[in-house]
Amino acid sequence: MSEVYSVEIVNPEKSFLSKDDVTEVVVPAFEGEIGILKDHISIISFLKPGIIKIFSKSGEESFYVNDGIIEFKNNNLSILTSLILSLKDIDKEKISEIQKTTEEELKNTEINDQEKYLLDQKLEVLKSIN
Amino acid sequence: MASLDDLKKRISSVKSTQKITKAMKMVAAAKLRRAQESAEKGRPYSDKMNNIILNLSNGISDIENAPKLLSGTGEDKVHLCVVMTSDRGLCGGFNTNIIKKAKLYFQKIIDEGKNLKIITVGSKGYDQLKRVYGDNIIERISFKDTKNVNYFDAEKVGKIVIEKFEKKEFDICTIFYNQFKNVITQIPQEQQIIPLNTSEKAENSLEDNYEFEPEEDEILSNLLPKNISTQIFKAMLENSASEQGSRMSAMDNATRNAGEMVDKLTIEYNRSRQAAITKELIEIISGAESL
């Protein structure tokens with residue numbers, strides 16, 4: 001038995017990526033990172049801003065995601081996200097731009113703790129990329 | 001009978017109109033292809049989102065504590081209608097069809113003595129609704145400046161809707177848009193987005209036991225607002241494809257009609273030219289005869 005399964009990343013505009021030879025995917029789930037191997041139990045979870053790592057036979061790929069939801073079932077992993085950027089050909093300016101708006105949003109005092117936590121996370125990840 | 005000069009002018013004016021409609025048809029055809037492509041590409045996202053939500057909501061045991069966006073406020077007094085139209089005209093019955101559908105619904109709500117609130121997306125809808133329902137329109141949104149439909153616009157609309165819902169400004173939200181079937185047919189749709197219609201069964205699910213992280217209701221309450229934006233985004237994509245399709249066929253018709261008109265006018269022009277020549281000849285001949 002091979003140890004691979006398929007993953008599909010979709011954003012609202014298009015199907016961003018589809019692979020069927022991945023061995024492991026690490027996603028930044030809300031309560032901590034999850035690594036998903038083949039025959040994982042069916043799971044639904046949502047993501048905080050962070051890095052998705054995809055390990056496949058052809059190598060390793062990393063993506064930055066803003067938010068999202070994952071569903072794993074029958075060895076199919078679907079990742080839905082509104083904003084995803086490949087780390088390979090990343091646009092530094094775009095990252096700085098997101099970083100700036102995030103910092104501004106953080107200054108807003110009306111946000112609740114959960115939003116604040118998410119924004120803090122986002123900033124941290126963005127800084128680590130840049 | 002109109003004089004030769006007048007006919008000539010009319011022919012050339014119809015011809016130049018024909019040129020315009022033809023060019024518009026070409027542009028619409030090119031845009032249609034792009035809009036259709038993005039509508040098709042956008043489908044997996046909204047389908048998957050829908051499926052996950054259906055799976056989740058079926059798994060929820062405690063209906064009473066379910067998020068309000070899913071179960072509704074329990075009341076049915078204030079209806080919010082989001083009417084999505086285009087920003088530009090000259091697209092056949094596209095806007096009129098949506099408005100017609102929406103007006104039917106409005107009438108029903110008013111007849112039942114309920115409160116009606118309207119958000120218009122796209123300026124054409126506002127123009128057509130403001131006379132009769134001007135007082136009911138609480139917000140008008142237009143994306144005239146953005147070239148292509150993008151998710152962030154949809155998110156903006158979604159945020160407005162959710163904000164109003166959280167302030168308890170309405171109980172039920174329905175969106176109106178045109179679904180793209182093919183170039184000739186676009187079907188005006190009404191879709192209720194709050195509370196969510198969960199009566200349809202999720203495909204290939206139910207027996208599956210999911211592990212949730214964090215809890216179901218927490219995921220749901222995070223997911224539902226996203227789903228609103230997604231549904232609106234889907235409607236916007238369908239709408240933009242429909243708009244271009246509708247415009248294309250409208251302009252095609254216009255071009256054909258203009259062609260027919262040019263033919264008719266040309267015949268009339270030739271006839272009156274011939275008549276003038278004959279008249280002159282008769283005058284000359286009868287003049288010569290009388291000598």
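Residues are numbered from 1 along each chain as its sequence is written, and chains are lettered from A in the order in which they are written. Because the model is predicted, local features need pLDDT of at least 70 and side-chain atom pairs count only at pLDDT 80 or more, whereas totals for chains, interfaces and linings use all residues.

**View 1. The contact between chains A and B.** Contact joins 22 residues of chain B to 21 residues of chain A (two residues are in contact if their C-beta atoms, placed from the backbone, lie within 7 Å). On the chain B side, the elements giving two or more residues are α1, β6 (211-213) and α6. Helices (H or I, at least four residues) and strands (E, at least two) are DSSP runs, numbered from the N terminus. Helix α1(B) supplies the largest share of that side, 9 residues. By type, the side of chain B that touches chain A holds 12 nonpolar, 5 polar and 5 charged residues (Ala, Val, Leu, Ile, Met, Phe, Trp, Tyr, Cys and Pro count as nonpolar, Asp, Glu, Lys and Arg as charged, and the others, Gly among them, as polar).

**View 2. Strand pairing across the two chains.** Strand β4 of chain A (residues 43-47) pairs with β6(B) in the parallel sense, over 3 bridges; two strands pair if DSSP finds at least two bridges between them. Opposite A:S45 stands B:E213 in β6(B).

**View 3. B:A29 in helix α1 of chain B.** Helix α1(B) covers residues 4-59 and includes B:A29. B:A29 counts as partly exposed because it has 16 C-beta neighbours inside 10 Å. The cut-offs are 20 or more other C-beta atoms within 10 Å for buried, 12 or fewer for exposed, and partly exposed in between, with C-beta atoms placed from the backbone. From B:A29 to B:G74 the C-alpha to C-alpha distance is 46 Å, for a sequence separation of 45 residues.

View 4. Strands β4(B), residues 172-180, and β5(B), residues 186-194, pair in the antiparallel sense over 8 bridges. They form a hairpin with 5 residues between them. The bridge partner of B:F176 in β5(B) is B:E190. B:F176 is also listed with B:V82, B:V83 and B:M84 as having the most contacts inside the largest nonpolar core, which has 85 residues. Such a core is a set of buried Ala, Val, Leu, Ile, Met, Phe, Trp, Tyr and Cys residues joined through C-beta atoms within 7 Å. Leaving aside neighbours within four places in sequence, the contacts of B:V83 include B:I98, B:I118, B:L129 and B:F176.

View 5. The 16 residues of α5(B), 151-166, reach 22 Å from first C-alpha to last, close to the 22 Å expected at 1.5 Å a residue (the expected span is 1.5 Å times one less than the number of residues). B:Y151, B:A154, B:V157, B:G158, B:V161 and B:F165 are buried. Seen down the axis of α5(B), these buried residues fall within an arc of 125°, so they line one face of the helix; the arc is that of the directions from the helix axis to the C-beta atoms. On the other side of α5(B), B:F152, B:E163 and B:E166 are exposed. Just after α5(B), B:K168 takes a positive phi of about 60°.

**View 6. Helix α2 of chain A.** The end C-alpha atoms of α2(A), residues 113-129, are 24 Å apart, which agrees with the 24 Å that its 17 residues should span at 1.5 Å a residue. Its buried residues include A:L119, A:K122 and A:V125. The buried residues of α2(A) fall within an arc of 125° seen down the axis, so they line one face of the helix. Their cover includes β5 (50-56), β6 (59-65) and α1 (92-107) of chain A. A:D113, A:E124, A:K127 and A:S128, on the other side of α2(A), are exposed.

View 7. Most residues other than glycine have a negative phi, and most peptide bonds are trans. The bond from B:I194 to B:P195 is cis, with omega near -15°, and B:P195 lies in the loop between β5 and β6 of chain B. A:D39, although not a glycine, has a positive phi of about 65°. A:D39 lies in the loop between β3 (32-36) and β4 of chain A and counts as exposed, with 10 C-beta neighbours inside 10 Å. A:N75 has a positive phi of about 60° and sits in the loop between β7 (68-73) and β8 (76-80) of chain A.
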